[in-house]
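This report goes through one protein model for a reader who has not seen it before. It takes up confidence, and then helix packing.

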Amino acid sequence: MTTESGTVHPSTRADRQAVTTTTIDPLPTPAVSGRRPEAIHRFLVKPADAGIADAVDGGKLLEWIDKVAYAAAAQWSGRYCVTAYVGNIHLDRPIAVGELVELHANLVHTGRTSMHILVSVYSTDPTRQKPVQTAQCLTIFVAVDDERRTVEVPQWEPSTILELHRHRQARARISVRKRIEEAMAAQRYTASGTAPSATLRFLAAPSDINWGGKVHGGRTMGWIDEAAYVCGADWAGQHVITSYFGGIRFYRPIVIGHIVEVTARLIHTGPRSMHISVHVTSTDPHSDEPALAAHGLAVVVAVDANGKARPIEQWTPVSDEDRSLAAHARHLVELRAEAEPFATAADLPADAEPSYFRAPIPG
């Protein structure tokens, strides 16, 4: 199913196929040797980038991630690309105004039409020499033609030890992601639920549109973060910050003039955290039928004046639907724990030989 800016179902046919034995050719594929499988964006954080807590909020960070991942996908495929999925992302430390930010987007796997791109975010005081990793997440983009139909992309093969290690991890995540998608698709959100919720409603404006003529994925993710903030702050009675996004999936395009509704609903609380499911729907003004455009999970944390997490009031499920969704939230935590964090150069042994990584990839 092809959509736009967040618009292709995240599980492509190639990604669902069984994994077979794979060996590594140390040389790049001749047909794509001139293409770069990476992109780097580097800039200083401006005051306009700061959110309510005087630091970069999750929505702004997701916009940056979407842009650098798009750059990597477009230059590799030579095509216009659309966001299909943005994976789990932990926000390890706040990014302050004036810091130097670097976003590194690296290709880690290709399907038939999809490109799996790992984005690592680094930030630091510009007077320091070594940046600190702030966040890391996997994104999936799909290449499309002028008719917005999916097209095949050049196949990428890892050529370094680190690339091979990350390639294995990306392949392993495909099955975990499929189980998460099935679990999310099985849930129902109806009026019988009693959980706290918040809805933002507005028209998609020209300023929300990307160069492809549709609302770009980063803007949609910003809306998801804003709705999660409203819902979480209302329940906690104080400011909250987003500490985690549990994967965001895109299903259909949003265009200028569409009526957009972003509904956030509390589905689980921890001692200091609130798990909030967010649905984005869009409606053509000439139609009365809203359609799901995106869905994601955000975890927000209540903070005190010093930015420290503090305990919150626990939410007790009341209806059967409430209890089902609370169990669903706990199940997602368990599933996502199976996804191994992507390796960094520091994670690999200094004396590792290429043969150590040349064993067949398990199916």
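## Confidence

pLDDT is the predictor's confidence in each residue, on a scale from 0 to 100. The model shown here is predicted. Its protein chain has a mean pLDDT of 84, and 86% of the residues reach 70 or more.

Residues 1–31 have pLDDT below 50; this stretch has 88 contacts in the model beyond near neighbours in sequence. Residues 351–363 also have pLDDT below 50, and that stretch has 25 such contacts beyond near neighbours in sequence. Where pLDDT is low, predicted coordinates should not be read in detail.

## Helices H2 and H4

Helix H2 spans residues 58–77 and helix H4 spans residues 217–236. They pack with axes 8 Å apart, at an angle of about 165 degrees. Angles over 145 degrees count as roughly antiparallel, so H2 is roughly antiparallel to H4. The crossing of H2 past H4 is right-handed.

On the H2 side, the contact is made by Gly-58, Gly-59, Leu-62, Glu-63 and Asp-66. H4 contributes Gly-217, Gly-218, Arg-219, Met-221, Gly-222 and Asp-225. By class, the residues of this contact of H2 with H4 are 2 nonpolar, 5 polar and 4 charged.

## Helices H3 and H5

Helix H3 (residues 161–185) and helix H5 (residues 320–336) cross at roughly 175 degrees, and their axes come within 10 Å. That angle makes H3 roughly antiparallel to H5.

From H3, the contact involves Val-176, Arg-179, Ile-180, Ala-183 and Met-184; from H5, His-328, His-331, Leu-332, Leu-335 and Arg-336. The contact of H3 with H5 has 6 nonpolar, 2 polar and 2 charged residues.

How values were computed: Residues are numbered from 1 along each chain as its sequence is written. This is a predicted model: local features need pLDDT of at least 70, side-chain atom pairs count only at pLDDT 80 or more; totals for chains, interfaces and linings use all residues. Side-chain values use heavy atoms; hydrogens and water are left out. Contact means heavy atoms within 4.5 Å. Axes are lines fitted to C-alpha atoms, for helices over the stretch in contact, and angles run from 0 to 180 degrees between N-to-C directions. Helices (H or I, at least four residues) and strands (E, at least two) are DSSP runs, numbered from the N terminus. Angles under 35 degrees count as roughly parallel, over 145 as roughly antiparallel, 65 to 115 as roughly perpendicular and the rest as oblique. A crossing is left-handed if the near helix is turned anticlockwise from the far one by less than a right angle, and right-handed if clockwise. Ala, Val, Leu, Ile, Met, Phe, Trp, Tyr, Cys and Pro count as nonpolar, Asp, Glu, Lys and Arg as charged, and the others, Gly among them, as polar.
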